[in-house]
Amino acid sequence: MIQALRGMKDILSPENERFVHIVKTASQIARRYGYDYIETPLLEETTLFKRSVGESSDIVGKEMYQFVDKGGHDVCLRPEGTAGIVRAFIQHKLDRKGGVHRFYYHGPMFRYERPQKGRLREFHQFGCESFGEASVYEDFTIILMIKDIFDALGIGYTIAINSLGCPECMPGYRETLVAHLHDIRDGLCDDCRRRIETNPIRVLDCKNESCRKLLQASPVIAENLCEACDSDFLRLQQLLDTHGVAYRLDPKLVRGLDYYTRTAFEFVSDEIGAQSAIAGGGRYNRLVEFLGGKPTPAVGFALGIERIVDLVQLPQKGREGLYLGVMEPQALETILQIAHRKRRCERVHVEYAKRSLKAHLKAADRLGAKLCAVIGEEELNDGLIWIKDLETKEERRIGVEEFG
Ligand code: HAM
């Protein structure tokens, strides 16, 4: 039997309803915050991800679904959404237009990671990207929007924030950090030692217990920020405080993608095991320019749909729609006409085969229909249809015309 690839999942009942509910709720909220839908291709040039997510990141270094297509192009299934949207933003010259442009998106992302609970090779994100607004109020607003999304979905979380500085303060901090890392080098794991040269900031993010202990005394970014970054970061904290948004300062929050500047944040759930990040994002003021566009400040986030799908509480839904069946094959044409009319405004299931009334009622019940309507011999002769409301248990027989 051919099976889905490892780390890739089919989304069926009962998850499907919750999946759709997440996308619908998040999209509605994003629209209220002024975001418009954007769709970009799943396949992009590999260079796009190398240059944006970063050559030294795990995503680009180890996890890309990369291949050469029939035309000899080096392409890659997108491991995340931001890079493609920045590419589209520049390609469609929105950077030259000026003003603020806000987009939301959802769809599959691909990372060749070691699959485990909450970590898939194909997973789905819902995300937002805001271009053209340099104010830290936008960082605050985006955090508030994610909070609104999780609150609307009934999901618990904690928020961690950090600032990753800017080209003013980052190089100085990097030097201080590298010097410190060289001092503790011998006690660090192989990955960390390699990263001292390639991406020292990511060392702070190591999950290895003995590295974590050693890294406790490392210089932290937040204490090495330039004045502008520092005041922005403080302002963000004030805004969150004023609006009653609880958060935790996490000086080791560095994110796994290289494009961030200043604000970085993560939403974490303690109900889903080791892969506990349910959303992450931050500011990336340099990426548009880095990919060839006009310098444009930007901030965004993405949430992992599979990570929250089991936590979502669906709003209580009663029975829905209409089940139509026949006890006489000659009645099928009438039933099909009713179905077509009714489908303009409600969900309709049609059973084409002749069945007993009991069998129809059972099927209607199983499908969660509110009304079960059946035409038997008697009804056929009299131009009637028999209807049972499966909620109120009320039964009646009315004219087909009257039923609609
Ligand atoms: P990210 O932190 O790599 O950020 O991913 C965002 C979310 O996607 C994670 O918090 C997690 O919930 C989910 N996720 C990531 N990898 C997996 C996986 N293998 N299996 C299941 N879920 C996963 C980004 O992708 C950035 N593009 C976010 C962003 C947008 N930053 C600025 N704008």
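How many bridges join β12 to strand β13? Four bridges do so, and β12 and β13 (residues 348–354) run parallel; strands count as paired if DSSP finds at least two bridges between them. Strands here are DSSP runs of E with at least two residues, helices are runs of H or I with at least four, and both are numbered from the N terminus. Between β12 and β13, the chain passes through helix α14 (residues 332–342), and this β-α-β crossover is right-handed, meaning that the path from first strand over helix to second runs clockwise with the strands pointing away from the viewer.

The model is predicted, with local features needing pLDDT of at least 70 and side-chain atom pairs pLDDT 80 or more, while totals for chains, interfaces and linings use all residues. Residues are numbered from 1 along each chain, and side-chain values use heavy atoms, leaving out hydrogens and water.

Back to β12 (residues 322–326): five of its five residues are buried, so the strand is largely enclosed by the rest of the structure. Buried means under 20% relative accessible area (1.4 Å probe, protein chains only). Leu322, Leu324 and Val326 point one way, with Tyr323 and Gly325 pointing the other. Leu324 sits opposite Val350 in β13. β12 also pairs with β14 (residues 371–375), again in the parallel sense, over five bridges, and there Tyr323 has Cys372 as its bridge partner.

Then there's the ligand. A polar side-chain atom of Thr82 lies 2.8 Å from one of the ligand's nitrogen atoms, and a backbone N or O atom of Phe301 lies 3.2 Å from a ligand nitrogen.

Notes
Buried means under 20% relative accessible area, exposed over 50%, partly exposed in between (1.4 Å probe, protein chains only). A polar contact is a pair of N or O atoms within 3.5 Å; within protein, one must be able to donate a hydrogen and the other to accept it, and residues adjacent in sequence count only if both atoms are side-chain atoms.
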